[in-house]
Amino acid sequence: MESTILHSFLTELRRGSLTLIVLGALFEPHYGYDLLEILKEKGVTIEANTLYPLLRRLEKQGLLESTWDTTETRPRKYYQINETGENVFKELFVESEKLQNSIKRIQQGTK
């Protein structure tokens, strides 16, 4: 029971964090697999079946732009944050820091 509840909370926490992470990683254009590798190097584990729908959703929401590179034998879709996405990212980042600082203050009060 407890592990089910914890798993549910962790999934919820991760979902919001991944949006912030992906937006922050796309200030330069990257295609999906490249982005998976970059995030992995930074210690962020995300499955392809999570990343690709997230990229499509963020693009549909108007936060990312995409272009196709067809110069290689295998076409690749590159994603990059746009101005709207940058503004959303900055606001999310500020709110994330506020939440983290609040959590730290609460933890310090309980020790």
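Glutamine 107 is located in helix H4. In this predicted model, glutamine 107 is partly exposed, because its relative accessible area of 44% lies between the limits of 20% and 50%.

The chain as a whole contains four helices and three strands. Their order along the sequence is α-β-α-α-β-β-α. The chain is more spread out than a compact globule, because its radius of gyration is 17 Å, well over the 13 Å given by the globule rule for 111 residues. Along the principal axes, the C-alpha atoms fill a box of roughly 60 × 35 × 25 Å. Buried residues make up 23% of the 111 residues of the chain. The accessible surface is about 8400 Å², and carbon and sulfur atoms account for 54% of this surface. Among contacts in the chain with a separation of 6 or more, 47% are between residues 24 or more positions apart.

The largest pocket in the model has a volume of about 530 Å³. Its lining consists of 20 residues, and those nearest the centre of the pocket are Gly16, Ser17, Leu20, Ser96 and Gln100. At least two lining residues come from each of helix H1 (2-25), helix H2 (32-41) and helix H4 (83-110). The contribution of H4, at nine residues, is the most that is given to this lining. Sorted by class, the lining of the largest pocket comprises eleven nonpolar, six polar and three charged residues.

The second largest pocket has a volume of about 270 Å³. The residues that line this pocket are Tyr31, Gly32, Tyr33, Tyr52, Arg56, Trp68, Arg74, Pro75, Arg76, Lys77 and Tyr79. Two or more of the lining residues are supplied by each of H2, helix H3 (48-60) and strand E3 (76-81). Strand E3 provides the largest share of the lining, namely three residues. By class, six residues of the lining of the second largest pocket are nonpolar, one is polar and four are charged.

When residues up to four places away in sequence are not counted, threonine 19 touches Leu54, Arg57 and Leu58.

With neighbours within four places in sequence left aside, the contacts of glutamate 65 are with Glu59, Tyr78, Tyr79, Gln80 and Asn82. One of these partners, Tyr79, is also listed in the lining of the second largest pocket. Glutamate 65 lies 24 residues from phenylalanine 89 in sequence, and the C-alpha atoms of these two residues are 14 Å apart in space.

Notes:
Residues are numbered from 1 along each chain as its sequence is written. This is a predicted model: local features need pLDDT of at least 70, side-chain atom pairs count only at pLDDT 80 or more; totals for chains, interfaces and linings use all residues. Side-chain values use heavy atoms; hydrogens and water are left out. On a 1 Å grid over the protein atoms alone, a cavity is a set of points where a 1.4 Å probe fits but cannot get out, and a pocket is an open set with protein on both sides within 12 Å along at least five of seven lines; lining residues have an atom within 4 Å of a point. Grid points are joined across faces, edges and corners, and a volume is the space filled by probe spheres set on the points. Ala, Val, Leu, Ile, Met, Phe, Trp, Tyr, Cys and Pro count as nonpolar, Asp, Glu, Lys and Arg as charged, and the others, Gly among them, as polar. The radius of gyration is taken over C-alpha atoms; the globule rule is 2.2 Å times the number of residues to the power 0.38. Buried means under 20% relative accessible area, exposed over 50%, partly exposed in between (1.4 Å probe, protein chains only). Contact means heavy atoms within 4.5 Å. Accessible areas come from the Shrake-Rupley method with a 1.4 Å probe; for residues, only the protein chains shown count as cover.
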